[in-house]
Amino acid sequence: MALKLKLKPDGAAPLYRQIEQAVRAAIGSGNLKPGERLPSAVDLAKDLGVNKLTAVKAFQLLEKSGLVRSEVGRGTFVTAGGETNGAAAPAEARVDVAKSVRRLREGFARGLRELMSMERPPGTINLSGGAPSPASVPDDLLPKLAREALAHNPRRLHDYAGPAGLDELRTQLAATLARRGIEVSPDEILITNGSQQAISLVAAWAREDGRAAISETPTHPGLAGALMLFGHAVQTIPWDGNGPSIQQLRALAGRERSLFYVCPDFQNPTGLTMPTEARTALADFARRSDTCVLVDEIFREMRFEGTEPRSLYTMLPAGRRILVGSISKSFMPGLRVGYLVADRPLIAELLPYKRYMDLGCPSLVQAIAAEFLKNGYAKHLEKIRAYYRVRRDAALEALESAMPEGVRWTRPQGGFQLWVTMPAGVSSIQLFLQGIERGVAIVPGPVHDVDGRYLSCFRLGYAHPTPDEIRTGVGRLASIVESLLSRGANGSPAGEPGILI
Ligand SMILES: Cc1ncc(COP(=O)(O)O)c(C=O)c1O
């Protein structure tokens, strides 16, 4: 609805108080009715010619007194408490649905995390990893890079490198991205503590920018976690074979400002890549809506076969695109070197989040990463692509020869993981628990969905074990799947898969 408010710029009360009081009066007089939706803080601020934060502050006061309720992704509504001339309903009588749903999701995710961190007997074959194997990096490489980074003028690393990051790293990253077909200047790059921090910065920014958060699913569990941390009610869109369904995206994001996350290359957990047509369709949609697309290219450099489609980032409308990545998958996650790329005005909006979160990343690790990108990174990539290809092949062959009929899996052309779908009703959590007893670990499907779906699926990571271990591990999994199937996959009374059966 349009709110007709009159503010006195030089009045005694601050502007946010004036807004709060005017809305309160409108509710009290019945001009605003319970259930009615208020304009967004962004629109109201625009309307009144005030700063966005002023409107946000007024809404926070109204929410605190129980007069309005804000539902992330839906808007702000007058509560039933508004019927009583502004007197708030007793706290215990009000249920904040968005908060309850978030707690439910967080509780489920916490339970799964605990399960995943249960002790594994020594010698357990790790088919759950999504990070590079330390065996793929020569032991003397890190000390050598550190020596080289410190060899000239180590004093340059004593100071803060600045929130955007060390110049030498941003310059090297711009050159690395150019080799991947992404032409950006160093000042369009922000260095972060892993791409996870880049995602968190974007989550915080999107919340303040009034954007509803939408994510592909299944997905990287850290994505939903970061979005929820900053108060988003995450909505999800499943992949329809070639990528997230544009039809569903249109239904969710067609009418409101939104942030949409996608990992288009060897995505976590399926290992799938969006073909060019799907990228074009997503870019067309983004152009016609007010959607900002967050593209996670963390696995892009890990292609070991097939033709590389154009980077999705380069196809998206300028100003409403963000790229995140890191050297966690292509080198080592322990360095925590990640990055965020965006057009300059957006970088300017995101920079304060990084500044006030930690003042910038450690100078020394940035210098080490810069040294590697300048010298040796390209060769290292070639070497590790061959290393992981052998393991992917071993996993595919083992699945082919051992898995019972009815089990399907993806065939990634790069990255560390593939996605296995068992017949409906077979629980991947049961498979995980029995797998640990038999000395093999996987990641159950529900870990990768904020609503705990994909129960009959699991992620198989082939980065860590040797090809022989992969064959043994897949053999053990296959025999557990056989026994679960022979017990009757749909053994639950309702014929629906439960968490454990
Ligand atoms: C798809 C995806 N994005 C981002 C991350 C975060 O990684 P990092 O913070 O180490 O760059 C991960 C980690 O597994 C991931 O799988």
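The ligand is surrounded by 13 residues, counting a residue as near if one of its heavy atoms lies within 4 Å. Ser 195, Asp 296, Ser 326, Ser 328 and Arg 336 are the closest. By class, this shell has 7 polar, 3 nonpolar and 3 charged residues. Here Ala, Val, Leu, Ile, Met, Phe, Trp, Tyr, Cys and Pro count as nonpolar, Asp, Glu, Lys and Arg as charged, and the others, Gly among them, as polar. Helix α7 (residues 194-208) gives the largest share of the shell, 3 residues. Helices are DSSP runs of H or I with at least four residues, strands are E runs of at least two, and both are numbered from the N terminus.

The model is predicted: local features need pLDDT of at least 70, side-chain atom pairs count only at pLDDT 80 or more, and totals for chains, interfaces and linings use all residues. Residues are numbered from 1 along each chain as its sequence is written, and side-chain values use heavy atoms, leaving out hydrogens and water.

| Residue | Protein atom | Distance to a ligand oxygen |
|---|---|---|
| Ser 195 | polar side-chain atom | 2.7 Å |
| Gln 196 | backbone N or O atom | 2.9 Å |
| Arg 336 | side-chain N or O atom | 2.8 Å |

On its own, the ligand has 400 Å² of accessible area, and the protein covers 89% of that. Areas come from the Shrake-Rupley method with a 1.4 Å probe.

How many cavities of 30 Å³ or more does a search of the whole structure find? There is 1. A cavity is a set of points, on a 1 Å grid over the protein atoms alone, where a 1.4 Å probe fits but cannot get out; lining residues have an atom within 4 Å of a point. The lining of the largest cavity includes Arg 180, Glu 301 and Ser 326.

The structure holds 6 aromatic pairs (ring centres within 6.5 Å). The rings of Phe 299 and Phe 416 have centres 5.9 Å apart and planes at 85 degrees, so this pair is edge-to-face (planes over 60 degrees apart). Phe 299 lies in the loop between β9 and α11, and Phe 416 in the loop between β12 and β13, so the pair ties together parts 117 residues apart in sequence.

Two cis peptide bonds come next. Thr 217 to Pro 218 has omega near -5 degrees. Asn 268 to Pro 269 has omega near 15 degrees. Pro 269 sits in the loop between β8 and α10.

Conventions: Polar contact = N/O pair within 3.5 Å; in protein donor to acceptor, adjacent residues only side chain to side chain. 1 Å grid on protein atoms, 1.4 Å probe; cavity = no way out; pocket = protein on both sides within 12 Å on 5 of 7 lines; lining within 4 Å. Points joined across faces, edges and corners; volume = space filled by probe spheres on them. Phe/Tyr/Trp six-rings, centres within 6.5 Å; stacked < 30°, edge-to-face > 60°.
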